[in-house]
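Hello,

Here is the structure I promised to pass on to you. Please open it beside this email, and then read on for what turned up in it.

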Amino acid sequence: MKTGIKRVDALEILDSRGHPTLEVDVELEGGWTGRAAVPAGASTGSHEARELRDGGPRYGGRGVSRAVAAVTGELARAVRGVDALDQPGLDRVLVEADGTRRKERLGANSLLGVSLAAARAGARAKGLPLYRRLAELAGKERPILPVPQLNVINGGRHADNGLQVQEFMIMPGGASSFAEALRWAAEVYHSLRELLRRGGHTVNVGDEGGFAPGLRTDEEALEVLVRSIQAAGLAPGRDVSLALDAAASEFFQDGRYRPTGRPEGLTAGEMIELYRTWADAYPVISLEDGLAEDDWEGWVELTSRLGGRLQLVGDDLFVTDPERLEQGLRRGAANAILIKVNQIGTLTETLHTLALAERRGCPAVISHRSGETGDTFIADLAVGTAAGQIKTGAPCRGERVAKYNRLLRIEAEAGGQLGYGLPAEG
Ligand code: PGA
Ligand code: ZN
């Protein structure tokens, strides 16, 4: 069998924050190869699959030499000879080799590297661009270019300023192609830079390429975003809307929400009221992790109060896990899901969660992590699965721009055959 796996290799490389991560190579018997690098989060949800890290003095404990050994040892032996074109079968072998619920034995980083590298090798063996191969695996006939959520102002755990919201994003949903959307986003990004500068702020960038200005309040950030959309000659709310990721698990303590500067804390109800005032005053259409990962009651209230007018995205809430998504949809908590491949650990499980979301009419946003590499797998994943949305940072920093550039390339090579935007209903 020429598409059986012949060789698996791994290397400890650096991610965009200078922390180690894994790069995995897979070679098939017929000579086709695939390579993938694994991303890593900073504001990770407590229900995510676990990364395997070394501990000890190397790299402040973050080394991945044990994960390299897991890939080149146990996992390589388990997958040798397995057909790379049978992605579900291959991923099952990986999951069973680990044998734990959260993949803590061999590490979700180890499993994911092999899973994604094998998918790339499989696409090469079939002579398909990766997004076409992923569309095949997802059973999709109509791949589509996603609407990007570009994180242009960084706060929370991704910056050292007073902003409670971790990510202030722009969504150029009114564009007619991905290329136009990205141009608009870059133009807004530059007018934002100019406005911040004129306001006496630094324009240093945070982990995801957004500016990390010393703004005092979230409202100030929303205000300057609206002005920068207008300054770029675009209409807020029609051409370009706003999306937020509060990453609220990060400031939830002892039953209350305690963002910087609010030590007394807020209840879930007060947080929801705050979000309502923002949705009234600004063109916000999407809110991710508005409440904490285990505040199910709060989420149900949030969804019943604002779910009719906002996309309420569960990131730490769902962690790409079909069981948590199922639970959320049953209770009426959130109405959309963030999809991060390393939260669950294999491609097949990711596709499984996406399929469940689609069956339930729950929109999905394919996402990077704050720690990234030049790997562009998620760009192809967003197109191939026709998810309709992607968030992969600002139009700045090589590891973010690499994904956007890959989307430009896919759109150009398809010669106008692929649509742009949210998938059609039904
Ligand atoms: P992370 O943050 O990659 O640092 O976890 C991204 C997010 O919360 O969406
Ligand atoms: Zn998030």
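**Where the ligand sits**

The largest cavity is the space that ligand 1 takes up. Please keep in mind as you read that this is a predicted model.

Let's start with the surroundings of the ligand. There are 15 residues around ligand 1, and those that come nearest are Ala42, Ser43, Arg369, Ser370 and Lys391. Sorted by class, this shell holds seven charged residues, six polar ones and two nonpolar ones.

Now zoom in on the oxygen atoms of ligand 1. Which part of Ser43 lies 3.0 Å from an oxygen atom of the ligand, and what kind of atom is it? It is a backbone N or O atom of Ser43. With Gln166, the side chain takes part: one of its N or O atoms is 3.1 Å from an oxygen atom of ligand 1. The side chain of Asp315 also has an N or O atom at 3.0 Å from a ligand oxygen. As for cover, ligand 1 on its own has 280 Å² of accessible area, and the protein covers 100% of that.

Next, step back to the whole protein. It is divided into domain 1 (5-127) and domain 2 (138-420). Their C-alpha centres are 26 Å apart, and 35 residues of domain 1 are in contact with 32 residues of domain 2. Back at the ligand, both domains contribute to the shell around ligand 1, with at least three residues from each.

Enjoy exploring it!

Best wishes

Note on methods:
Residues numbered from 1 in each chain as written. Chains lettered and ligands numbered in written order. Predicted model: local features only at pLDDT ≥ 70, side-chain atom pairs only at ≥ 80, totals over all residues. Heavy atoms only, no water. Near = heavy atom within 4 Å. Polar contact = N/O pair within 3.5 Å; in protein donor to acceptor, adjacent residues only side chain to side chain. Areas by Shrake-Rupley, 256 points an atom, 1.4 Å probe, with all protein chains shown as cover. 1 Å grid on protein atoms, 1.4 Å probe; cavity = no way out; pocket = protein on both sides within 12 Å on 5 of 7 lines; lining within 4 Å. Sits in = over half its atoms within 2 Å of the grid points. Nonpolar A, V, L, I, M, F, W, Y, C, P; charged D, E, K, R; others polar. Domains from an automatic or database assignment. Contact = heavy atoms within 4.5 Å.
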